[in-house]
Amino acid sequence: MSVSAEPVRPDPGLWTIPNLITLVRLCCLPVFLWLLFVKDSRLGAALLLGGLGATDWVDGYVARRWNQTSEFGKMFDPTADRLLFIVGIIAIIIDGSAPLWFCVLVVLREAVFGGTVAYLTLFRNMQRFDVTWLGKTATFLLMFAFPGFMLGACDFRGHTLFQVASWLIGIPGLVLSYYTAITYIPTIRAHLRSGSAPG
C-alpha cells in the first residue's frame, strides 16, 4: 500500500495577514516614543507597551490558523519583536523609569545573542531555529516587567504594586533569558555543522 506524499503548500509571500499584524505592531513604536517623550505620558506609553507585549502571539496564531506561514514572516516577526524590545528599553533608560542595571543587562543579552544569530543566519547560512518554551517564557516575563516598571514610576494610587510585581516577574525573566542563551549554544553549533533546522 503506497502512502501519498503530503502536498507542499506554496509560500504565501510578503502580503499576508500575519505580516500585516507584525507591521502594525512595529508601526506602534513611533507612537510609543511620541507618548513617552512628546506627550510626556508615561502612563499611556506603558499601557501601549503592555498591549504590544500582550498581542505578541497574535501574528503567529493567525499564521498557523490560516496556513499563512511564510519564510519572510519567520524572519520579520522575531526581527520586529527584537527591534520593539531594544528600542523600547533604550527609551525607558532615557526616561529613567526602570533600574538602569536591569535595562543594560537585558539590552546586552538581546544585542549579543540576537546579533550573533543574525550574523550566523545571514553570513554563515545557518538555518533558522525555533525559540524554546523557556525562551518564550523569558521574553513574556520581560515584556510585562518593563511596562510594570513604567507604571510603578507613575504617581497614581497603587503604583507601588506594579513596581513590586515587576521585580517579581522581571528577575526570573532576566535569569531565564541568560540561561536560555547558554542552552542555545549547542543548537547553534549543531546547525552550523549540519546546516539543517530542527524538526
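Guide: Buried means under 20% relative accessible area. The model here is predicted, and in this model Phe102 has a relative accessible area of 0%, so Phe102 counts as buried.

Visitor: Is Trp101 buried, exposed or partly exposed, and at what relative accessibility?

Guide: Trp101 counts as partly exposed because its relative accessibility is 45%. Trp167 is also in the class partly exposed, with a relative accessible area of 31%.

Visitor: How is a pair of aromatic rings described?

Guide: Two values are used: the distance of the centres and the angle of the planes. There are 11 aromatic pairs in this structure. One of them joins Trp101 and Phe102, with 5.8 Å centre to centre and 85° between the planes, which is edge-to-face. Trp101 also pairs with Trp167, and this pair is stacked, at 5.9 Å and 20°.

Visitor: Which helices hold Trp101 and Trp167?

Guide: Trp101 is in helix α5 and Trp167 in helix α7 (residues 159-194), so their pair ties together parts 66 residues apart in sequence. Ring pairs also link a cluster made of Phe85, Trp101, Phe102, Phe146, Phe149 and Trp167.

Visitor: At what angle do the axes of α5 and α6 cross?

Guide: The axes of α5 (residues 100-123) and α6 (residues 133-152) cross at roughly 150° and come within 12 Å. Angles over 145 degrees count as roughly antiparallel, so α5 is roughly antiparallel to α6. Their crossing is left-handed.

Visitor: Which residues of α5 and α6 meet?

Guide: From α5, Phe102, Cys103 and Val106 meet Leu142, Phe146 and Phe149 of α6. The residues of this contact divide into 6 nonpolar, no polar and no charged.

Terms used
Residues numbered from 1 in each chain as written. Predicted model: local features only at pLDDT ≥ 70, side-chain atom pairs only at ≥ 80, totals over all residues. Heavy atoms only, no water. Axes fitted to C-alpha atoms, helices over the stretch in contact; angles between N-to-C directions. Helix = DSSP H or I, 4+ residues; strand = E, 2+ residues; numbered from the N terminus. Parallel < 35°, antiparallel > 145°, perpendicular 65-115°, else oblique. Left-handed = near helix turned anticlockwise from the far one by under 90°. Contact = heavy atoms within 4.5 Å. Nonpolar A, V, L, I, M, F, W, Y, C, P; charged D, E, K, R; others polar. Phe/Tyr/Trp six-rings, centres within 6.5 Å; stacked < 30°, edge-to-face > 60°. Buried < 20%, exposed > 50% of the residue type's maximum accessible area, 1.4 Å probe, protein only.
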